[in-house]
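Work through the exercises below with the structure in view. Try each task before reading its solution.

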Amino acid sequence: MGKIRDLMINQLKLRGYSPRTLKVYIQHARAFVRFTGKSPARTGKKEILNYMMYLTKEKKVSLSYRNQTVSALKFLYKYVLKKPWVIEELPRPKKASRLPVVLSAREVSRLLSEVPNRKHKAIMVVAYSAGLRVGEVVRLKVSDIDPERMMIHVKGGKGRKDRYTILSVLALNVLRDYAYFYKPKKWLFPGGREGRHITERSVQKVVAGAAKKAGIRKHVTTHTLRHSFGTHLLENGTDLRYIQELLGHKSARTTQIYTHVSKRDLARIVSPLDRMDIDREKSSVIGGGPDRKSNCKENGNT
């Protein structure tokens, strides 16, 4: 892409996009150029639509990948090439409405008990107890833990926003035990490379391995712990506004998804099946049940 790539990087930086978003947008722009074999300055609606159909029908990429592609191309044509009309009608794939996977409190306890490594256990305990994203927990610094106020300072979360979330008493005890043995300095959870924090991939592997050992058949990721945190708070009576603040959700609509997976109100509803005596009805239909025998004796039959 040459000059266009450099212009795109500059525009992304000027608008305050995160390094991760910058990397992803450049990757999508490169993939588009490889597909067309032409400079983006010489392509238009036809090439873009052909590329999107290629991703959908031939590559069969995920909805999130296609959405990222649309976002990257919209940025490229609007802010770099100054041709917003090229992408103004570019459709964005509709996301499927799926409910998050949530663990019960007992499943979370089983999961955490299957992590003997102090460092890995501390990571998972903090992630669940504070409702952190995987990218947030791996980037925590020792100075972000405030035991005096019992708070965790999350810096540069999604949307590059800072926030405070709760520090559990149990989580603090686990962290103190971990710190006694590992002596972290800058990063709370340092990685294998000098001066770097542990990678997101490493944490995901730890969580998946713990779920397997615990015999949990649900698809468990670090984000599952975050969803479970939000749901458990709601079930314990915490107001949605506070949950939104703790999780760092931009919109209250995002937080409301936990009302669909919470059992707080649903548990009060009794299924109509539980009001039936199906064993009694079965005996009556088949014959030979207790009622039939008593009737036979009353009629003098054997």
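A charge sits over a ring if NZ of Lys or CZ of Arg is within 6 Å of the ring centre and within 35 degrees of the ring normal. The model used here is predicted.

**Exercise 1. Charges over rings**

Task: Find which ring the charged end of Lys141 sits over, and how far it is from the centre. Then find which ring Lys183 lies over.

Solution: 
- Step 1. The charged end of Lys141 is placed over the ring of Trp187, and its distance from the ring centre is 5.4 Å.
- Step 2. Lys183 lies over the face of Tyr180, where the distance to the ring centre is 5.0 Å.
- Step 3. Tyr180 also takes part in a nonpolar surface patch of about 360 Å², together with Phe181 and Tyr182.
- Step 4. Phe181 belongs to helix H8, residues 169-182. Its relative accessible area is 46%, so Phe181 is partly exposed.

**Exercise 2. A pair of rings**

Task: Decide whether the rings of Tyr17 and Tyr25 are stacked, edge-to-face or tilted.

Solution: 
- Step 1. The structure holds 11 aromatic pairs.
- Step 2. In the pair of Tyr17 and Tyr25, the ring centres are 5.9 Å apart and the planes stand at 50 degrees.
- Step 3. Planes under 30 degrees apart count as stacked and those over 60 as edge-to-face, with the rest tilted. The angle of 50 degrees therefore makes the pair of Tyr17 and Tyr25 tilted.
- Step 4. Ring pairs also bring in Phe75 and Tyr79, which form a cluster with Tyr17 and Tyr25.
- Step 5. For accessibility, buried means under 20% relative accessible area. Tyr25, at 13%, is buried, whereas Tyr17, at 30%, is partly exposed.

**Exercise 3. Salt bridges**

Task: State how many salt bridges there are, and describe the one between Lys38 and Glu47 and the one between Glu200 and Arg139.

Solution: 
- Step 1. Side chains of opposite charge can pair when their charged atoms come close. The count for this structure is 11 salt bridges.
- Step 2. Lys38 and Glu47 form a salt bridge whose closest N and O atoms are 3.1 Å apart. Lys38 is partly exposed, at a relative accessible area of 27%, while Glu47 is buried at 19%.
- Step 3. Between Glu200 and Arg139, the closest N and O atoms of the salt bridge are 3.0 Å apart. This pair links distant parts of the chain, 61 residues apart: Glu200 is in helix H9 (residues 200-213), and Arg139 is in the loop between helix H7 (134-138) and E1.
- Step 4. Arg139 is partly exposed, with a relative accessible area of 40%.

Terms used. Residues are numbered from 1 along each chain as its sequence is written. This is a predicted model: local features need pLDDT of at least 70, side-chain atom pairs count only at pLDDT 80 or more; totals for chains, interfaces and linings use all residues. Side-chain values use heavy atoms; hydrogens and water are left out. Patches are made of residues with over 30% relative accessible area and no salt bridge: like charges are joined within 9 Å, nonpolar side chains (Val, Leu, Ile, Met, Phe, Trp, Tyr) within 5 Å. Accessible areas come from the Shrake-Rupley method with a 1.4 Å probe; for residues, only the protein chains shown count as cover. A salt bridge is a side-chain nitrogen of Lys or Arg within 4 Å of a carboxyl oxygen of Asp or Glu. Helices (H or I, at least four residues) and strands (E, at least two) are DSSP runs, numbered from the N terminus. Buried means under 20% relative accessible area, exposed over 50%, partly exposed in between (1.4 Å probe, protein chains only). Rings of Phe, Tyr and Trp (its six-membered ring) pair if their centres lie within 6.5 Å; planes under 30 degrees apart count as stacked, over 60 as edge-to-face and the rest as tilted.
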